[in-house]
Amino acid sequence: MKSHTLMPTHHHLLLLVHLILMLSVIAIQTLAAYGCIEVEREALLTFKAGISDGIRHSLSSWDEGQDCCRWRGVVCDNTTTRNILELNLRNPYQDSDNWTDYALSGEINPSLLALNHLTRLDLSYNNFAGISIPEFIASFNNLTYLNLSYSEFGGKIPHQLRNLFKLRSLDLSGSYFIGTVPPQLGNLSSLRYLSLNWAFNDTSTPNTDNLEWISQLASLKYLDFGYLNLTNAVNWLHIVNRLQSIRVLLMSYSSLPSIPNSLPYVNFTSLTTLDLSDNWPLNTTLPSWLWNLTNLSYLNLEYCLFRGKIPDALGNLTSLIYLNLGDNNLEGPLPSWLWNLTNLSYLNLQECQFHGKIPDALGNLNSLAYLNLGYNNLEGPLPRSIGQLCNLRSIDLSYLGIGGDIRELVGMLGCKWNDMEEIILSSNNLQGNLSNWLQQMTNLTYLDLSNNSLDGSVPLGIGNLHNLNFLDLSYNSLNGVISETHFANLTKLDDFLLSSNSLIISVGHNWIPPFQLTTLALGSCQVGPQFPAWLRWQRQINEVDLRNTSITGTLPHWLWSLPLKLLDLSYNNITGRLPVYLKSTNIVSLDLKFNNLEGLLPPLPDGLKLLDLSNNFICGPLPKLLPTSILYLLLSNNLINGSIPSSICELASPEALDLSGNNLSGELPHCWQEGSGLQIIDFSNNNITGEIPPSIGSLTSLLSFDLSNNNFYGELPSELQYCKNLVLLDLGNNNFSGNIPIWIGEKLLNLRYLQLCSNMFDGNIPPQLAQLTALQILDLSSNKLLGSIPCSFGNFTGMISSSVRNEKHKRIYLPGYDVDIFTYKDKLFLVMQGKESKYSEILYLVRAMDLSRNNLSGVIPEEIGALRQLNNLNLSKNHLIGRIPEKIFDISSLEYLDLSSNELSGAIPQSISKLTFLDHLNLSYNNLSGRIPSGSQLDTLNDPSIYIGNAYLCGPPTSKNCSGDTVAPNSTSNYANGLETSMWCLYLGMGVGFLAGFWGVYAVLLFHGTWRYAYFWMIDNFFDNIYITVAVSMNRLKNKYG
């Protein structure tokens, strides 16, 4: 038989194709039903089970019944494999103020290892609460992109990340890592992008041992090491210079140890962006290798404290678009090459110490959008060419002393001046008003005209500035009424500052503002008498300044529910008590001084840094537990009693403690700790007793120490000498005893104000006090001091020099807040013209020496006449003798002179009339004689009591006339003067006799050789005979008794 071969027919082929299509449809339908691979879907669901996805439930789409490739953040392979390639779980609300409410949190489950095709993982801007980066992430062998930034990761950076050989981008910025950067990251040879900006929790210690490993990243194009501590990275520049591909280098706030001025060769010339800002103080000139980076378009060297002139070679960087040299110590005029950088859109030269005029060539920079020349020494008017800057949108010309009418100035700002978005002209001499121009600038977002001389009212048209975010018109002479109409369209207003104007804020009690403020400052405006009710609707407000605004009555309870950080209601007439729930607030600074508050001091907020309740009626004891966060505790002039709690020593970093003017008793705590930054202690005007504890000596940062008007006793502890930074030491009106320590003059060399009056110090005044060359006020009055006034007291440079140092101890700034809270001023109570007065504001102008009411004797040293800037000299009520030195009247600034109740004698020198500023004079109760001088200022001091008790003085203003034959009285004072003269004659005669006898013998021996030899032979023979006689006698005694 013939066999039959089965051959496929056309029909069979059609059936086969149809079958394949049906199977494909079934496969597609199956994939559509289940989406991604089963094991990967289960891995994601397991991961979700360990995660909280915030109030928006950002993982709500992750449901078992859905295709996981369609879940939020999941990207799959589009091919039939359907493997998960990307997991993008960045918080989409990262720019929101409450972004953490929407963040993922919890644990990262290792189930994600099932995603073995993953190439991209982004978990940025979430909140993983300090957990370590899971080591298993290093097992994603296909990963090319890893972003864990700003997700609160902590622990150490796992060195296992070195296994991610395919990784091209790594971002670990904004984390809380500990330790150092693992050098194993150098194994990531494919890396193009690396950011460790602000990656470590502690930047007070180095965050890297060295940077050698970076040189292995040959493909790196972007490197961000901002906010790392690179103190140990001495060779950082030479290492970075090896990266030929680097385009972006960001190293701001990196504690760079130095910036080398030159390089043997410049290899990283591809660099387009360089940021080395805030690496101060480098204190060097601008490095020359910069000139070779001709591709730079972005250069930021702000706040590095570079010095010297800017080299012309910097003009080679013609590609620059962004140039920031602000806050450096550069000098000279603005460089001429600057105006050739016509591509510039951003130029910041703030606070660089430039001087001279702003040239017309400024108009060449017609691409400029941002210009900041503030805080320099530039002079003259602005050039008209500034009107050519048609792209200008932001300008800062603060602190330049610019004068003239503000309307003319604003009209010059660019050819489209009414399109400006930011104008900062603060602290100039601008005049005029705000009408007819301000309302036209509808694009303004930021306006600062503070600290000028603007007048007139605030126009209603300001309400047209619907984009306005920041408005500061404080410290001007504005007047009139601010009404609700002014705020009608200011829906974006965030910061509103009108302090120190004569404005009246008049809005209805039920008014609801259209804005939500962060900062409000209306100090010294008329706001009261009622507390502004509209503030209760400001749910985002952090800072409120309503000082001196005529507010009366009690504070509303809702005030304490606002999210306030800084609250200043000082200088009002507020009554009532502080709430007991004050502790539950988030207030950082609370200033209620000069009000009428009463009652106990309640428990205080844990984060409180400044508390000022001075000049109220707060009573009761201090809380036993004080917040350790307190920097400034100011409770002076209240009714506080009890003792100072020992918890005051447990404050973490206090700077000022002022408890003066209360009823405190007991002893000072003995627990003061070394390393404290405490600068000011004022416990004056209380009833504190005991001795000064030796532990006070551990407060080496102390500047002002005032314990006056208390009941302290004992000798001053020697440990106080370690407070070498002291400027003010006031221990007056206590019961201290013993000698004045000499270490005050030898160790406390910064003292300018020393007050030890009204104690029981005895012994002599140590001449070492004259080593205090900066001393301006010395008050040792009302003690039991003996001896004479040291002649060295003429060496106090602070009382000689005419230079004025208005050095206020401490401008109070709170960390994290761009606002100075107050300025601490030294204060002293000084006796002038017989009455005690407080000196604070002008204390730095006062020079005074008061040694009155002691037992001092001897003459007044004429060296005191060198203290030409002395205002007050009081030597009264001692036992001083002799004449009044003529040189005292060389003290041309003297306003107060009291030499009364001593034993001074002789005539009053006529030169006293040279004291043209003399306002108070007391020479009473001495033994002065002769005619009272007259002339000039002295003629205005016509009170006879000035000279009472001097029986032999005559002439006006006394009633005793001077006769021509007046004879000097035979008195003790005359005898003393005669004796003094006789003694000088005796000493003179003795000296002359000695010299005559000595030279009579010496000259003969010098010029007559024979006599000289005979004389010295006689002397030698005389001593030889004595020696022989003694030797023979000793030998006889030895033989007799030996």
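Biologist: Exposed means over 50% relative accessible area, buried under 20%, and partly exposed in between (1.4 Å probe, protein chains only). Is E715 buried or exposed?
Modeller: E715 counts as exposed because its relative accessible area is 57%. This is a predicted model, where local features need pLDDT of at least 70, side-chain atom pairs count only at pLDDT 80 or more, and totals for chains, interfaces and linings use all residues. Residues are numbered from 1 along each chain as its sequence is written, and side-chain values use heavy atoms, with hydrogens and water left out.

Biologist: Where is E715 found?
Modeller: In the loop between β48 (711–714) and β49 (728–730). Strands here are DSSP runs of E, at least two residues, numbered from the N terminus.

Biologist: Which sheet has β48 in it?
Modeller: An open, parallel sheet of five strands, in the order β46-β48-β50-β52-β54. Two strands pair if DSSP finds at least two bridges between them. At the edges are β46 (689–690) and β54 (784–786), each pairing on one side only.

Biologist: How many bridges join β50 to β52?
Modeller: Three, between residues 735–739 of β50 and 760–764 of β52, which run parallel. G738 has F761 in β52 as its bridge partner.

Biologist: New topic. What is the order of the four-strand sheet?
Modeller: β38-β40-β42-β44, an open sheet with parallel pairing.

Biologist: Why is one side of β38 left without a neighbour in the sheet?
Modeller: Because β38 (598–600) stands at an edge with a single partner strand, as does β44 (663–664).

Biologist: How does β38 pair with β40?
Modeller: In the parallel sense, over three bridges, with β40 covering residues 617–621. G599 stands opposite I618 in β40.
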